[in-house]
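Q: Hi! Could you walk me through this structure with me? I'd like to talk about helices and charged pairs.
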Amino acid sequence: MATETTDLGTSEAPTKGIYGEWDSFLKTAIHEYYDRGFTSRKGNFIALIMASGQTAFSLAKDSVVDGTGTKKLAIGAALALALRLGLKYALGGPLGLVLSVAAGASMLSYFIRNQKDIVRKVGAYRTTIAATRGRFEEIQEGWRSGRYDATERNLMVDGLMKRFLVQCDEV
């Protein structure tokens, strides 16, 4: 894999972290959104997880396997995906290993009480995610074609991350 030297003289792998691939970017965004105050925006977080699709399961799996994520985030992401796939499959399938009964009951209760609001937000989050992914791919294409160097690309991706998080708050 080729590396590129930035203006600061450091060598950087072009596909490392949020800068290289969409899934890493989205996982980081979900994690940062969680860190910014999950308890005050449970409905928004559940809707964001549901809108992110399979990335939520991947995030939960990564958090449990490598130990870098928080247990609550892993449980919340797995539960939201389980709700999306149906409670029947979650309790009988492999997701049942990840979920705890208490956290599952709490999130399920919250989801049921606020179902209309959460389902309404899922569509808005899907639109936001799709638009952000399109912009992310444009930035990557510009970098691959040589219009941007790695430093410019990284700054644009950082800005895109901040804008995405603001848009998530606004939904």
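A: Happy to! One definition before we start: helices here are DSSP runs of H or I, at least four residues long, numbered from the N terminus. Also keep in mind that this is a predicted model.

Q: Good. How many salt bridges does a search of the whole structure find?
A: The search finds four salt bridges.

Q: Let's take Arg120. Which residue does Arg120 form a salt bridge with?
A: Arg120 pairs with Asp117, and their closest N and O atoms are 2.4 Å apart. Both residues are in helix H8, and because they are three residues apart, about one helical turn separates them.

Q: What about Lys121, where does Lys121 lie relative to Asp117?
A: Lys121 and Asp117 are both in helix H8, four residues apart, which is about one turn of the helix. They form a salt bridge too, with the closest N and O atoms 3.3 Å apart.

Q: Is Lys121 buried or exposed?
A: Lys121 counts as buried, because its relative accessibility is 10% and the cut-off for buried is under 20%.

Q: Switching topic: which residues of H8 does H2 meet?
A: Lys121 turns up again here: on the H8 side the contact has Ile118, Lys121, Val122, Tyr125, Arg126 and Ile129. From H2 come Gly43, Asn44, Ile46, Ala47, Leu48, Met50, Ala51 and Ser52. The residues of this contact divide into nine nonpolar, three polar and two charged.

Q: At what angle do H2 and H8 pack?
A: About 55°, with the axes 8 Å apart; H2 covers residues 42-52 and H8 residues 115-144. That angle makes H2 oblique to H8. The crossing of H2 past H8 is right-handed.

Q: Back to charges. Which residue does Arg36 form a salt bridge with?
A: Arg36 pairs with Asp169, the closest N and O atoms being 2.7 Å apart. Arg36 lies in the loop between helix H1 (22-35) and H2, while Asp169 is in helix H9 (residues 150-170), so this pair ties together parts that are 133 residues apart in sequence.

Q: And what is the relative accessible area of Arg36?
A: Arg36 has 40%, which means partly exposed.

Methods: Residues numbered from 1 in each chain as written. Predicted model: local features only at pLDDT ≥ 70, side-chain atom pairs only at ≥ 80, totals over all residues. Heavy atoms only, no water. Axes fitted to C-alpha atoms, helices over the stretch in contact; angles between N-to-C directions. Helix = DSSP H or I, 4+ residues; strand = E, 2+ residues; numbered from the N terminus. Parallel < 35°, antiparallel > 145°, perpendicular 65-115°, else oblique. Left-handed = near helix turned anticlockwise from the far one by under 90°. Contact = heavy atoms within 4.5 Å. Nonpolar A, V, L, I, M, F, W, Y, C, P; charged D, E, K, R; others polar. Salt bridge = Lys/Arg side-chain N within 4 Å of Asp/Glu carboxyl O. Buried < 20%, exposed > 50% of the residue type's maximum accessible area, 1.4 Å probe, protein only.
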